[in-house]
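Hi,

Here is the structure I promised to pass on to you. Have a look at it first, and then read my notes below.

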Amino acid sequence: MTLAEQLQRGEEQIPIQELVKKSFLLTELGAAYQYELERLLSEQDLKIMPILEIGNTETMIHLLKKGMGFSFLSAFTVKEELEKKRFLEVRTNLPPVVMYSQLLYCRNKWVTQEMQKFAELVGGRIE
C-alpha cells in the first residue's frame, strides 16, 4: 500500500522510516523546528534530505498546497489549512514535539500600551 493510500484511509501512524524517503520542504538550516526534527531523527539513525529549505513559512505553505511534498511545521502555523481540510496531519512513531517561547523585558523600564498588547497576544502578561 502506498503512503497516499495510507493517508486517505486515515491510518493512525506512518512509520518515520517510510516518511523520510519522501520530498520535504523544511525551514532554514538551524531553525528551531528543523533542528528538533533532525535531533529526533538522529536518535533513530535517520536523516531527511529536503528538496527545499526556506525561511518564509507562507511561501512554504503555498508550495505545500501545490502538493510539493511534506513539511514539519507548528500546528498554529497551519491551523487554518488543517481546519479547512486542505492539509492532513501525518502522525509518525516519533515522540511529540513541544516548543516554548519566552518573552523577556526589563522590569525597571516603562511598558508601552503596544508592548502590553503584544504580551497579551502571545499569551503572557507584563506585571
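**What helix 3 packs against**

The buried residues of helix 3 pack against helix 2, strand 1 and strand 2 (52–53). Helices (H or I, at least four residues) and strands (E, at least two) are DSSP runs numbered from the N terminus. Buried means under 20% relative accessible area, exposed over 50%, and partly exposed in between (1.4 Å probe, protein chains only).

Please keep in mind that this is a predicted model, where local features need pLDDT of at least 70 and side-chain atom pairs count only at pLDDT 80 or more, while totals for chains, interfaces and linings use all residues. Residues are numbered from 1 along each chain as its sequence is written, and side-chain values use heavy atoms, with hydrogens and water left out.

Which residues of helix 3 are buried? They are Gln34, Glu36, Leu37, Leu40 and Leu41. These residues sit on the same side of helix 3 because they cover an arc of only 165° around the axis, taken from the directions from the helix axis to the C-beta atoms.

Gln34 counts as buried because its relative accessibility is 1%. Not counting residues up to four places away in sequence, Gln34 touches Leu26, Thr27, Glu28, Leu29 and Glu53, where contact means heavy atoms within 4.5 Å.

Leu41, leaving aside neighbours within four places in sequence, is in contact with Ile16, Val20, Leu46, Ile48 and Leu94.

Enjoy exploring it!

Best wishes
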